[in-house]
Number of protein chains: 2
Amino acid sequence: MDKNIEHKRHTLAHLLAKAVIDQYPHAKLTLGPAIEHGFYYDIDFSGGAAPGDEDLKHLQKQMKKLLNQWTDFTHREVPVTEALELYQDNPYKTELINEIAAKGEPITLYTAGTGTKAEFTALCRGGHSDNPAEEIAADSFKLDNIAGAYWRGDESNPMLTRIYGLAFDTKDELDTYCTQLEEAKKRDHRKLGKDLGLFSFSELVGPGLPLWSPAGTELRQRIDAFVQALRKEKGYTNVTIPHIAKKSLYETSGHWNKYSEDLFKVRAKEGDDHDEYVLKPMNCPHHTQIYDAAPRSYRDLPQRYAETTMVYRAEQSGELSGLTRVLSITQDDAHVFCREAQLQAEIEAIWDIVDTFYGAFGFELNVRLSFHDPEEPDKYLGDKAIWSETESLMRSIAEKRQAEYFIGIGEASFYAPKLDFMASDSIGRTHQVATIQLDRLMPERFDLSCVNEAGEHERIVMIHAAIAGSLERFIAVLIEHLGGHFPLWLAPEQVRVIAVADAHAAYGQSVVEKLQAVGLRATLDEANDSMGKKIRNVKQAKLPYFIVVGDKEVAEQTVTLEKRNGSSETVSLNEAANKLLAENDAKTL
Amino acid sequence: MDKNIEHKRHTLAHLLAKAVIDQYPHAKLTLGPAIEHGFYYDIDFSGGAAPGDEDLKHLQKQMKKLLNQWTDFTHREVPVTEALELYQDNPYKTELINEIAAKGEPITLYTAGTGTKAEFTALCRGGHSDNPAEEIAADSFKLDNIAGAYWRGDESNPMLTRIYGLAFDTKDELDTYCTQLEEAKKRDHRKLGKDLGLFSFSELVGPGLPLWSPAGTELRQRIDAFVQALRKEKGYTNVTIPHIAKKSLYETSGHWNKYSEDLFKVRAKEGDDHDEYVLKPMNCPHHTQIYDAAPRSYRDLPQRYAETTMVYRAEQSGELSGLTRVLSITQDDAHVFCREAQLQAEIEAIWDIVDTFYGAFGFELNVRLSFHDPEEPDKYLGDKAIWSETESLMRSIAEKRQAEYFIGIGEASFYAPKLDFMASDSIGRTHQVATIQLDRLMPERFDLSCVNEAGEHERIVMIHAAIAGSLERFIAVLIEHLGGHFPLWLAPEQVRVIAVADAHAAYGQSVVEKLQAVGLRATLDEANDSMGKKIRNVKQAKLPYFIVVGDKEVAEQTVTLEKRNGSSETVSLNEAANKLLAENDAKTL
């Protein structure tokens, strides 16, 4: 976060505290940091009345009044005793003061509005606006909502009241963000996923384990088929691995030591707590074993293995939410096993795929070149010369492609630099999506090599390159990006045929059959509903097209093709089919 | 096994024992039963010399000599003491005698060749030929091999020598079986799978967990795509489920209580032996939850969910072998959720798919109607009237289809009758393959219903119907059935292009590109090998076709298409492509 806005947000947290204390003198303040998009304050109201959502407006009004008088922000270091006395009734601040004292750090009190009715002093480390009244626009912030939070996030501590605020530099920025939030709420993939019947959760199966309906599976398959088709053009082949492996695979890869807590352990016998197997948290270790199953000549390289398969990571149930946090993650994974000299061509090929893929959905991409931090050399493995060589290779590829990029120092993994792609969605949010990651560590650990022109064993390099990444997360982002309005090529149901009356049903059925015969996903609405109800259902299902057949259409053997945007035309069945097929094949948005 | 051949095989086990004792007087006999295809005898040779494979011929010769004198087989009941005395030096027989005595059963000694040099008496329960010399043809049996076996199969007991023999009614039958064995050995899918580079195993991943190469995955995908295409015609849709579920899913389904030992238990935290999740051993419980995720009207039925996905069953490592016994099993699974009145149409649709699928590979099918055993009513759940109604429905479908069928009394599952399909392969072996299984239990346990015309909740029925069954097992059977000679449509590599000299390589490359462009899996052999070596490689890879391009072909812009059977023709590239495509699409064997 930019320092300037961070200071504003932190200042506003103090301002909120003052407004609260004025109105609820029994309130005990705890902590109030700046966060992304704003700030919050955790407060113990257990000694009396507590504010509800309906009180936020009033508190906000008070904050604005107080703000006028906050023309300063000063601080002074005080002895522990003074601080403890100031907070003698507040066990939270007392705890904090004792901790700071134990560390031998200075204790500082910060004061704003000195000498006015708005004067407010609080234990703090600093980081505020120097002149809040001048720097902070009164219409650039807003109290947002109230939630519960445990003191220091620990369930065994008392529950506090957390008041959230939003804050930006200007009213415009605040408004934009609020509109975005509102739009995101309407588009929430959890709600739309249910409304469109794409996926569900079952208590018996468990949270974080989505079950995909036929419609949801169609969507997954269209997305995956797109990725696989793009990969096939670049010479990728598919492989297949089981979902478990002996623990030894992950001991060799190093995952067991580093991520053991996040791994699902699998064992055959009940009551036996010996870890025999691990449910795979990623696919690379298995794929190395396919590479290593036969001797490889330099002529066989690159080997490009793609596989869309599920991986499993043990998240806390409390963290599971819709499709963005799940236990079973479907990755459209791929690994390239190649020589150093082949890196550039392989990276460019993957970048091509990423561009085409995200472009097809209307996402705008920019890319972070995630490089190592030269000031922390201990954090990285491997030869310095190879690091700088690879990093300049990446930068030259980015330059050559005239890509929008920036450099993220210290964002590399500990074994190699990465290319991280960021997608902007239709409501202005940014999501980290695909990654192209070099890997010189895994080939070392699994001793992967090829026999080169000189007949020697040559160490190879790996590239990890998922395109959609996690299909679950991608679909969550996609649903919200499109508001559930999937383009024709993606829509699980592409066109619904509605017969005006029973007399037209047979013709309607023949229309459906013709469309299905050319490969379109068409259905006939056979429900006993009114015409109006049927059309409302089409809208609710957010279908790209529907077709109405009545007297005129039957007589003239035509169909009336109605588009989601409201336009319609009456054409021959052949024309309609060709039009839809062309749009489908072009992957028009 | 037929009683007659069982008695012959058992008699031959005695004959083997006599031949052994004559030559190895220190040998201690243990048990020698009749088995499928022959017999064996487990013998303790630890007191002296033991026969090796090279001694089997001689033992066999001796058996034939002795057989002439075995014109009788008599028995008498003896007191325990007499039996114990006879076997005073044999702890195995002593153990058996004491066990029989403890159960209060009679102890019998069987003697053949009475009064001749071939006379032989052994502790036995009986079941022999009355006149072996006359009944058993001397050329209808053969000693086969020697293996190790623990006394009573228990690893903590002494290791015995097991001598195997083959035995049939006639020499012809024996010869046929030996040819089959030899052929099966040549076609062993473990060997061919490795030679053709289809799959491999890794020590780090673990036994029973196959890793599928690009070639093997192509084969899997072709087979699965065939099943899915057949299913699509019948209105099936795909669904997607995670590979784990909370234990509660399997408690509800009943699998936890019945098969807990065979389930892989999954837990998140190390050292925590609480079973949080189960790695799915089958897909039906998950699929019920997709059915149950929304209210279903009778108009929505049948719901037909297909999914090709892996299930996991905890087999002992010792039992794992090639693809026939694996821990990770890929099922091309499907479940139909329908009303009673829809059963016939749904069963027939599945049967159509089974017929088309197995027919395409040249398997001959017959079907077992697996019915309940009316003499054991306690073994089955549900209403008697429904059982007999369903069984007569199945029988009438079989009659209507003029299928080759037989009835297996007592072969039903405990909750419904089944249709079990048996496929005969090209070397005369029979494999149980697809199953169509009704299920009224799971809908009961998961309370699955639809709202019927009267607005009431109506209990539905499920049908389980995998087609290939386990892809691993099916591919093992298929490799051996075809001897690795996959038809064009299945071959991972369909056609390899060989340039006679470097000068023809560019043209060869253009041929490959043209073939790939129309969707054929073509490659150019770019190795630095001689023409002869390249052609030998094609044969070894058992490719359906290869194409040679030399001076003539370049000059005339043709290709010489060489078929696996040795025939060849020189045609235009277009003609070649069309010919191959037609064969591919027709799924010609």
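A: Here is a guided tour of helices and sheets in chain B, with a brief stop in chain A at the end. Keep in mind as you read that this is a predicted model.

Let's begin with a sheet. Chain B has an open sheet of eight strands, in the order S11-S15-S16-S23-S20-S19-S17-S18, and its pairing is mixed. At the edges stand strand S11 (237-238) and strand S18 (405-409) of chain B; each has a single partner strand, so one side of each is left without a neighbour in the sheet.

Now zoom in on one pair inside that order. Strand S19 (residues 418-424) of chain B and strand S20 (residues 430-439) of chain B run antiparallel, and six bridges join them. You can find the pairing at the level of residues too: Ser424(B) is opposite Thr430(B) in S20(B).

Helices pack on this sheet. Helix H15 (residues 471-482) of chain B touches strand S15 (303-312), strand S16 (328-338) and S20 of chain B. The direction of H15(B) makes about 115° with that of S16(B). Another helix to look for is H13(B), which lies across strand S17 (364-371), S18, S19 and S20 of chain B. Against S17(B), H13(B) runs at about 160°.

H13(B) also leads us to a helix partner. Two packed helices are described by the angle between their axes and the distance between the axes. Helix H12 (residues 343-360) of chain B and helix H13 (residues 384-400) of chain B have axes that come within 11 Å and cross at roughly 45°. Because of that angle, H12(B) is oblique to H13(B). The crossing of H12(B) past H13(B) is right-handed. If you want to see who makes the contact, look on H12(B) for Leu343(B), Gln344(B), Ile347(B), Glu348(B) and Trp351(B). From H13(B) come Leu393(B), Ile397(B), Ala398(B) and Lys400(B). Sorted by class, this contact of H12(B) with H13(B) has six nonpolar, one polar and two charged residues.

H12(B) has a further packing partner, helix H8 (residues 214-233) of chain B. The axes of H8(B) and H12(B) are 10 Å apart, and the two helices pack at an angle of about 150°. The cut-off for calling helices roughly antiparallel is an angle over 145 degrees, so H8(B) is roughly antiparallel to H12(B). Here too the crossing is right-handed, with H8(B) passing H12(B). On the H8(B) side you will find Ile223(B), Phe226(B), Val227(B), Leu230(B) and Arg231(B). They meet Ile353(B), Thr356(B), Phe357(B) and Ala360(B) in H12(B). By class, the contact of H8(B) with H12(B) has seven nonpolar, one polar and one charged residues.

Next, visit another sheet of chain B. This open sheet has three strands in the order S4-S5-S6, with antiparallel pairing. Its edge strands, strand S4 (73-78) and strand S6 (120-123) of chain B, each pair on one side only. On average, neighbouring strands of this sheet are turned by 25° against each other, direction ignored. Strand S5 (residues 107-112) of chain B runs antiparallel to S6(B), and four bridges join the two. One residue pair to look up is Ala112(B) with Phe120(B), its bridge partner in S6(B).

H1(B) packs on this sheet, touching S4, S5 and S6 of chain B. The direction of H1(B) makes about 115° with that of S6(B). Leaving aside neighbours within four places in sequence, Thr11(B) is in contact with Trp70(B), Phe73(B), His128(B), Ser129(B), Pro132(B) and Ile136(B).

Gly148(A) lies in strand S7 (residues 141-150) of chain A. With a relative accessible area of 51%, Gly148(A) is exposed. Apart from neighbours within four places in sequence, Gly148(A) is in contact with Met159(A) and Leu160(A). The C-alpha atoms of Gly148(A) and Met159(A) are separated by 6.4 Å, and the two residues are 11 residues apart along the chain.

Notes. Residues are numbered from 1 along each chain as its sequence is written. Chains are lettered from A and ligands numbered from 1 in the order in which they are written. This is a predicted model: local features need pLDDT of at least 70, side-chain atom pairs count only at pLDDT 80 or more; totals for chains, interfaces and linings use all residues. Side-chain values use heavy atoms; hydrogens and water are left out. Axes are lines fitted to C-alpha atoms, for helices over the stretch in contact, and angles run from 0 to 180 degrees between N-to-C directions. Angles under 35 degrees count as roughly parallel, over 145 as roughly antiparallel, 65 to 115 as roughly perpendicular and the rest as oblique. A crossing is left-handed if the near helix is turned anticlockwise from the far one by less than a right angle, and right-handed if clockwise. Contact means heavy atoms within 4.5 Å. Ala, Val, Leu, Ile, Met, Phe, Trp, Tyr, Cys and Pro count as nonpolar, Asp, Glu, Lys and Arg as charged, and the others, Gly among them, as polar. Two strands pair if DSSP finds at least two bridges between them. Buried means under 20% relative accessible area, exposed over 50%, partly exposed in between (1.4 Å probe, protein chains only).
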